[in-house]
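Have a look at the picture, then read on.

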Amino acid sequence: MSSSPTLPISSPLANHSSTVSSQSQSPIATPALRSFISRLTTSLRHGFSQRRPWTELLDRNSMSKPESLAEAYSRIRKNFNYFRVNYVTLIAIALALSLITHPFSLLVLIGLLASWFFLYLFRPSDQPLVLFGRTFSDRETLGILVVLTVFVIFLTTVGSLLISALMIGSAIVCAHGAFRVPEDLFLDDQEPANAGFLSFLGGAASSAAASAAASHV
């Protein structure tokens with residue numbers, strides 16, 4: 001007597017667990033976020049490789065008072081093209097010190113950036129945002145984040161703190177650029193003004209925007 005054919009049996013529990021596992025993938029593991037971090041890290045390394053020696057920046061023998069506003073402006077422009085990585089580093093240090101001395105503002109800013117990253121920019125498109133039992137669309141999520149950003153920047157101390165730190169850093173940069181004599185600096189005329197350290201801003205921003213658009217189509 002021939003035996004009955006064996007029918008394939010799938011376990012509902014196994015299917016459910018695999019579905020839950022695929023849907024519960026952390027946003028930090030998405031390819032868009034990994035690509036953004038890799039691009040940002042590469043740009044930062046390339047930018048810092050073009051940093052000028054700090055001893056050259058702080059050379060007291062090259063300091064002199066400008067004779068006119070036109071000369072001061074010319075010095076600032078030439079020095080910024082040459083020391084741009086150092087200047088951006090000084091402004092970043094001013095921002096960091098301001099935030100470190102105000103931990104509450106630092107935590108609020110980190111929370112705001114994390115909300116943009118994990119709730120919109122790098123959230124997988126197949127995982128809708130669900131809060132308090134309500135599902136939010138991408139447009140609603142974007143609107144909430146924009147309103148939250150406006151509130152944090154303009155209606156709390158975070159905005160005034162960032163503006164004050166930027167003004168202090170810019171004042172230091174302008175003062176140094178005006179008093180530093182640029183005659184001994186050799187500028188490469190073929191090098192674009194926005195190359196190096198500053199180029200990652202546009203590149204990283206465009207990468208984030210492209211990744212967000214692709215993930216939410």
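## Leu58, a place to start

Leu58 sits in the loop between helix H3 (54-57) and H4; helices here are DSSP runs of H or I with at least four residues, numbered from the N terminus. Leu58 is exposed, because its relative accessible area is 58% (exposed means over 50%, buried under 20% and partly exposed in between, with a 1.4 Å probe and protein chains only). Along the sequence, Leu58 and His176 are 118 residues apart, yet their C-alpha atoms are 8.9 Å apart in space.

A word on the model: it is predicted, local features need pLDDT of at least 70, side-chain atom pairs count only at pLDDT 80 or more, and totals for chains, interfaces and linings use all residues. Residues are numbered from 1 along each chain as its sequence is written, and side-chain values use heavy atoms, with hydrogens and water left out.

## Where H4 meets H7

Two packed helices are described by the angle between their axes and the distance between the axes. For helix H4 (residues 69-100) and helix H7 (residues 157-179), the axes come within 7 Å and cross at roughly 145°. Axes are lines fitted to C-alpha atoms, for helices over the stretch in contact, and angles run from 0 to 180 degrees between N-to-C directions.

Arg180 lies in the loop between H7 and helix H8 (199-215). Is Arg180 buried or exposed? Arg180 counts as buried, because its relative accessibility is 0%. A polar atom of the Arg180 side chain lies 3.1 Å from the backbone oxygen of Glu56.

## H5 beside H6

Helix H5 (residues 103-121) and helix H6 (residues 138-154) pack with their axes 11 Å apart, at an angle of about 165°. H5 and H6 are therefore roughly antiparallel to each other (angles over 145 degrees count as roughly antiparallel, under 35 as roughly parallel, 65 to 115 as roughly perpendicular and the rest as oblique). The residues that meet include Val108, Leu112 and Trp116 in H5, and Leu142, Leu145 and Val152 in H6.

Ser105 is also in helix H5, and counts as buried because its relative accessibility is 5%. Setting aside neighbours within four places in sequence, Ser105 is in contact with Thr157, Val158 and Leu161.

Note on methods:
Helix = DSSP H or I, 4+ residues; strand = E, 2+ residues; numbered from the N terminus. Polar contact = N/O pair within 3.5 Å; in protein donor to acceptor, adjacent residues only side chain to side chain. Contact = heavy atoms within 4.5 Å.
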